[in-house]
Amino acid sequence: MREQSNREKYTPSISVFRWWARRPHALMGAIIDAAISSSGNAAIQVSDPFSGGGTVAVEGIRRGLTVYAQDLYPWPIHGLKTSLGSTSLTEFDQAAEQLVQQLRPLARRYERTDGRLLSHVMRVRVGGCPSCTRAVYLFPEHLISTASRRPDETLGFYGCQGCGHVHTQKMKRAKVTCPACRLIYKSQGRGKTTRRCVHCKHEAPTTAFLGTDRAWKEVLVQEVTRDARGHAHPLLRLVDQRDPTSDLSMQVAPQLALTAPIPAGTETRQLLNAGFTTWGDLYTRRQVEVILQALQHVAALNVSAGCRDRLALAVIGLAEMPAYLCRWDRFHQKVFEGIANHHYAHTTFAVETNLLSPLGRGTLERRLKGARKALAWRESQLETLPCAGSQTVDPAVRLPRLTPGLTVAIGSSTQQALPDSSIDLALTDPPYFGDVQYGELARLFHFWLAQYTPLAAHDEHQEAVPNRSRQKGADHYEEAIAACLRETRRTLKPDGRLVLTFHNRKLTAWKTLGGALHSAGFRIFALAVTRAENDADHSKRGGRGMLNDLVIECVRDDHPPTAVTIVHAGDSPEAQELIAMGRALSDAINQQDPELLPELFRQHLYQYRESKFEARIV
Ligand SMILES: C[S@@+](CC[C@H](N)C(=O)[O-])C[C@H]1O[C@@H](n2cnc3c(N)ncnc32)[C@H](O)[C@@H]1O
Ligand SMILES: [Zn+2]
Ligand SMILES: [Zn+2]
């Protein structure tokens with residue numbers, strides 16, 4: 001719980017690269033420790049066929065074990081290798097400083113002639129009414145921001161949908177008449193998919209108001225001010241004419257990113273619907289310029305590969321801050337990344353971050369600090385271990401034996417490079433049904449990674465998730481998971497264990513997981529419920545996710561069936577449901593009929609809910 005409340009502090013390695021649905025390091029570490037102590041073997045071999053953020057691999061390597069990690073995608077594997085790679089702090093510091101110096105001239109793009117510096121530029125999307133064709137300014141709310149972060153702040157900035165004018169006034173009993181055009185503000189209603197024209201009252205789907213030319217109007221900026229001691233402070237204010245709010249002209253702009261198309265998809269549809277067609281469209285050209293020049297500088301640095309890769313990942317991380325996707329938290333005054341809560345964001349009030357600003361989230365300075373912390377952590381954790389570095393292998397070529405240290409592979413885990421019967425513990429969490437579209441989200445990072453290093457081929461069709469735009473449903477999910485687990489079974493020693501973590505609110509997800517375990521040749525041996533999300537992240541997602549994971553320990557089905565051991569249940573209603581589901585899965589597999597799952601689940605849950613029956617997994 002402590003780790004989950006401040007992940008960056010307890011496991012700084014997670015800030016090396018972004019990945020979604022990472023598991024708690026403390027949990028994966030504890031499971032590995034339990035495997036070591038129950039097997040009486042201090043040198044177990046561990047694999048993770050769905051490695052993602054690399055939690056299992058990092059915890060295994062920290063313990064000096066031999067680890068094999070595979071994922072379908074290059075970004076997380078490149079990130080994992082980088083986060084475990086070695087370089088000295090001194091070398092890193094010098095190279096980071098050099099990079100910052102080299103980029104300094106680009107910060108001038110945000111500097112006024114009087115020397116004042118902008119850290120952020122905020123824009124409202126300008127659309128048009130499909131009926132009367134007049135311009136509409138698509139402010140999501142009347143109040144676009146409080147005037148400052150001060151807790152006693154009484155002023156706020158208000159935006160007019162009719163003329164785009166922004167004014168300041170007291171937030172209490174705010175007047176709704178625009179001082180510029182006298183239009184009276186009318187709320188569009190939150191969460192509605194239609195909106196009403198403020199001029200002619202015509203109502204149409206929101207997308208019909210977006211227009212085709214992706215026009216934006218700059219309305220607010222945040223300036224960097226310095227106090228007497230030289231500390232930087234943010235000042236949010238209206239735009240004035242001397243502010244450098246407009247972007248570079250096409251001639252000066254780097255062309256490359258501007259032409260690579262965003263492929264269609266279930267997640268990327270959000271971007272295409274908003275009128276973006278290339279990855280470059282999401283950024284201002286001055287942002288693209290920073291990222292590309294930084295990558296060029298990094299590539300040209302005379303440093304070790306480990307140092308270079310760490311710097312490159314910090315730079316590519318900047319790509320999370322696209323000027324036209326990032327949202328502003330109007331009360332806490334902070335910027336949210338362009339991929340938030342596992343989806344591409346969509347906003348009509350967007351914030352451009354000056355990536356070289358000394359203030360604000362997601363800037364180069366912040367990312368270099370995070371990267372340095374991760375490196376210091378790595379040195380403190382791994383320095384004394386005889387870790388032999390890492391090797392990348394082709395998953396289609398079987399290794400005669402696994403070499404000590406970390407072995408990684410990119411590709412579908414239906415084929416793993418591991419020898420037969422070599423693994424003591426396969427510890428993994430497969431995709432949580434359709435909750436996260438890893439490949440589509442990773443496209444953004446793959447696009448930028450390819451500007452730095454040749455990208456390994458990868459095929460989203462092999463991803464074990466249902467995906468409508470690829471026309472893959474629950475059947476595909478079940479078959480893909482089954483094929484990966486069948487391959488994992490081949491690599492397990494006869495008494496080896498497969499330990500999965502899983503949660504989902506959809507009964508179908510559990511049914512397909514059960515089907516996959518059964519057809520891959522596993523039985524359930526033991527179950528535990530553990531806390532996986534912290535309350536804050538959970539409530540951010542509107543409480544729709546689950547707080548707990550079910551940990552499922554499996555053995556090969558050549559073991560005789562036994563009653564499942566419940567290692568830890570917890571007593572919250574959610575935990576009870578997960579245990580009931582785990583028991584039902586086990587029974588269904590032992591009875592060789594995954595179709596029985598819904599009925600078995602109901603039966604097990606009745607034992608907890610004597611009279612009132614209510615399930616949230618449906
Ligand atoms: C739930 S995530 C793993 C998260 C990881 N345990 C962590 O803590 O960061 C599932 C992973 O499975 C990967 N994946 C999906 N289909 C795959 C396949 N066929 N072969 C290998 N990896 C796959 C996804 O790319 C994703 O990284
Ligand atoms: Zn109209
Ligand atoms: Zn107005």
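His 559 is found in the loop between strand E22 (548-556) and strand E23 (565-568), strands being DSSP runs of at least two residues numbered from the N terminus. This is a predicted model, in which local features need pLDDT of at least 70, side-chain atom pairs count only at pLDDT 80 or more, and totals for chains, interfaces and linings use all residues. Residues are numbered from 1 along each chain as its sequence is written, chains are lettered from A and ligands numbered from 1 in the order in which they are written, and side-chain values use heavy atoms, without hydrogens and water.

Apart from neighbours within four places in sequence, His 559 is in contact (heavy atoms within 4.5 Å) with Pro 494, Asp 495, Arg 497 and Arg 523. A polar atom of the His 559 side chain lies 3.1 Å from the backbone oxygen of Pro 494.

| Ion | Donors | Distance |
|---|---|---|
| zinc ion (ligand 2) | Cys 129 (SG), Cys 132 (SG), Cys 197 (SG), Cys 200 (SG) | 2.3 Å |
| zinc ion (ligand 3) | Cys 160 (SG), Cys 163 (SG), Cys 178 (SG), Cys 181 (SG) | 2.2 to 2.4 Å |

The 4 donor atoms around the zinc ion (ligand 3) subtend angles of 104 to 114°, so the arrangement is tetrahedral (four donors, all angles between 85 and 135 degrees). The donor residues of the zinc ion (ligand 3) follow the spacing C-x2-C-x14-C-x2-C, and those of the zinc ion (ligand 2) follow C-x2-C-x64-C-x2-C.

Cys 197 is buried (under 20% relative accessible area), at 1%.

Note on methods: Donors = N, O, S within 2.8 Å, 3.2 Å for Na, K, Ca; no water. Tetrahedral: all angles 85-135°; square planar, octahedral: opposite > 155°, others 65-115°. Helix = DSSP H or I, 4+ residues; strand = E, 2+ residues; numbered from the N terminus. Polar contact = N/O pair within 3.5 Å; in protein donor to acceptor, adjacent residues only side chain to side chain. Buried < 20%, exposed > 50% of the residue type's maximum accessible area, 1.4 Å probe, protein only.
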